Amino acid sequence: MARDDIVVGLEIGTSKICVVVAEDQDDGTIKILGVGQVPSRGIRKGEIVDFDTAQRCLHDALVDAEQKSDIEIDNVYVGITGSHIQSINSRGVVMVPQEKGEIDEDDLASVKASAIDVSIPAENAFLHQILQHYYIDDREGVLNPVGIFGTKLEADFHVIHGIRNRINNTLRCVKELPLAVNDYVLNGLASAQVVLDQEQKHLGALVLDIGGGTTDYILYCDGAVRQSGVLAVGGDHITNDISMLLKIPMARAERLKVEEGSVVLGRSIPGERVLLKDETGFAGREIEREKLNTIIHMRMKETFEILLQRLASDPKFEMIGAGIHITGGCSLLKGIDDLASDVFGMEATLTHAHTMAGITSAFQNPQYSTAIGLVKYAQAVRSESPSPGLLSKIFNPLLNIFRRN
Amino acid sequence: MIEINRSRPAAPFVPLTCKIVGVGGAGCSIIDRLLIEGVEPSELIAVNTDLQALSSSVAAQKIQLGHSLTHGLGAGGDPEVGMAAAQDALPELRSAVEGSQIVFLAAGLGGGTGSGSGPFMAHAAREAGAVVIAVVTLPFGFEGRRRKEQAVAALDHLRQLCHAVICFENDRMAELVAPKTGIQQAFVAADETMSECIRGILAILARPGIMKVGIDDLLTVLRSDDPRCLFGHGESDGDNRAHEALAHALRNPLMERGKLLESTGNLLVHISGSNNLTLAEVEILMTELNRHIADETHLLLGTSIEPRLGSKLAVTLISSLGSPYPAIHQVETPRAVELVPEVTAAAEPAAETGEEADLPEDVPEPEPVLARRSRPAPIAPIARNVRSAPAPEPKPTPVPEKTKEVKQEVLQFEPVSRGRFEKSEPTIIEGHDLDVPTVLRKGFRV
């Protein structure tokens, strides 16, 4: 029997599909009940390329999560990523009629409508429209304009959009299982919910979620989302580079990266070699450690430089106070924080989800930041909407039974 | 007894004699646009190889180029044909612009007639003793590299022959129209901007001004090492018309909202209005404009009274990108003088070939254009010399070098594999395929 207080986050990642089942507790905290995970296949750069295979993996991951949490899952929050995701900042303006003077909810709605009225390509759909700041008569720092007197109300919004069909592909894969999709959230935005606390968002922070196929970045300034985006380069690229340049199979390259790889150069003893054990179908060989590290270093350095180039045009980027927070599976690479501080010229820390209760091993692993972030996002959205009344609490499950049949 | 000399003019102002010559398809459509916008038809001359396009032009005076060469067809995108055609008609071109003080040359570079005949027209106008100002466009990026190269070569050539060249990039002008509007409107918008520019300059030079701007000022502003120009024109009749007109002028995409103004060395500002133009308005406008420009920029300010404007105020900004030339005029440099005979020399064999092509026509041979095409050998190297025009004498050596460069870009000797991402959508950022290992792309040996 599905429970009302259960929220499920589903991340369809390039390297793994991850399902986090959590309980939304009465005191507003989240308790993780179980995490289901399977290595994914048929997914490249965060998007499904082989539908049937991906769906099978997704099914396995859900079964895994249901067994571990002992909860039947029927609706999920889905993470979205992909190189097609774009974002823009947009400002809307409305004039409040003189005779009214006081700003009300209608004005907020119309200022939002005017701000998010940005032209996006016809094949694109909006993913998020996030409020940044309100201005009343050019005065900054108004948190809630309702009830304040003013003549001109302005609002800055951060609008995230992506190609509709590519978002729908991911959603269709989930819906066909069948599972209800409560909402879909940009991966980077979800990760930031659990990686950053309120204070860090106010100081300004950059979250880099470096996953298997993509690097999702999101920049917070003054408590609001300032920039966001996806770069379709991730851990997979490092594995591919190693596999191609050292001429070893992908699986071996992946293991070599995880077990021996580092982005730091010049730390190994000159001529130091890594031994690759022989196993069925693969003759053992030795690889120079510096060579391996150079391949990884060059790739990560380039990735950071591209991100820096994208972000440096923002005048506020220089002024972020809480530094860079790196999460995602790729953040487990040795020395990645040092490289990031070098390239970006500011403090970089490795991080994972905070403020959770439940299975410690789950939330302290940076690989699960996005999936846990989805749960946190869901909880935040739910707490804003009014809780269902007594009647609907009784009737909704009944209705659901009919709906499902 | 006091004698009054009546023959002496009362005012020192002499009306300017000017001709606007449109060369090629794009040039002719600008001529048409100018006529629609009320320029005196007698000032307009359309020059084209394509007889059909020429006959549909509304210009008062039309010159067909190369009637013995292309037989009323266009130049087929080949500047050599345009060159040979103009060479034939040189005396006709010269007599058309005889006696005018200023000649505007409007052309779209990149095609056959504009790129090939444009420089000849400029040469003819110079010989007639006029100040020659070329207003040209560079082709859209999507029109291909060949056209771009032809256009750049022709532009170089024009810069040496004309007193000033104002160059618009079609790619930048495309920003004038919304992405969804038709291609027709995009070209119309380009024509409009160019005709606005020509009319703006004409008005500046022709109107009697309180603070007069002369040809010398204009040439100072346009003299720079980068032919790309900044041009903005705005009109307004509101309460705050000085501010609005300037804002409108800066909104022109060629201005990039005034950002490019910072980098200019010289800027010409022309403000005109009817009798109600006040000093305060000029002051407001200039204070605002000063925010956009660097302190050391040389400002040339002109104002004039134009009763036709009524309650409107118009402001025109003209400048060029890049650092200004040292104040020596290009014409006086020996380089340009030397170039002229070279052009003639370059075009002569082409003309000869044209005649040769004519010969078989007496013996029945219906396609002279094709006949000429079938033997391009003597023309091709000459055309290259003209493109690398600054070199004083023809050098055959750079030719093979150039071909080699092109070949290297086409042939990829080392096909780079993308491994796991072979079949997925490539991640391309700034021309780099990020799926290829960084180490390989940066040419690093491991």
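## The sheet in chain A

Let's start at a strand pairing: Arg139(A), in β9(A), is the bridge partner of Ile136(A). Please keep in mind that this is a predicted model. Strand β8 of chain A covers residues 124-136, and its pairing with β9(A) is antiparallel, over 2 bridges.

That pairing belongs to an open sheet of 4 strands in chain A, with the order β7-β10-β8-β9 and antiparallel pairing. At the edges of the sheet stand β7 (86-95) and β9 (139-142) of chain A; each has a single partner strand, so one side of each is left without a neighbour in the sheet. From one strand to the next, the twist averages 40°.

## A helix on the sheet

Helix α2 of chain A, residues 105-115, packs on this sheet and touches β7 and β10 (152-163) of chain A. The direction of α2 makes about 135° with that of β7(A).

## Two crossing helices in chain B

Over in chain B, we can look at a helix pair. Helix α3 (residues 79-88) and helix α5 (residues 113-127) of chain B have axes that come within 6 Å and cross at roughly 35°. The crossing of α3(B) and α5(B) is right-handed.

Who makes the contact? From α3(B) come Pro79(B), Glu80(B), Val81(B), Gly82(B), Met83(B), Ala85(B), Ala86(B) and Gln87(B). Facing them, α5(B) contributes Thr113(B), Ser115(B), Gly116(B), Ser117(B), Phe120(B) and Met121(B).

Technical notes:
Residues numbered from 1 in each chain as written. Chains lettered and ligands numbered in written order. Predicted model: local features only at pLDDT ≥ 70, side-chain atom pairs only at ≥ 80, totals over all residues. Axes fitted to C-alpha atoms, helices over the stretch in contact; angles between N-to-C directions. Left-handed = near helix turned anticlockwise from the far one by under 90°. Contact = placed C-beta atoms within 7 Å. Pairing = 2+ DSSP bridges.
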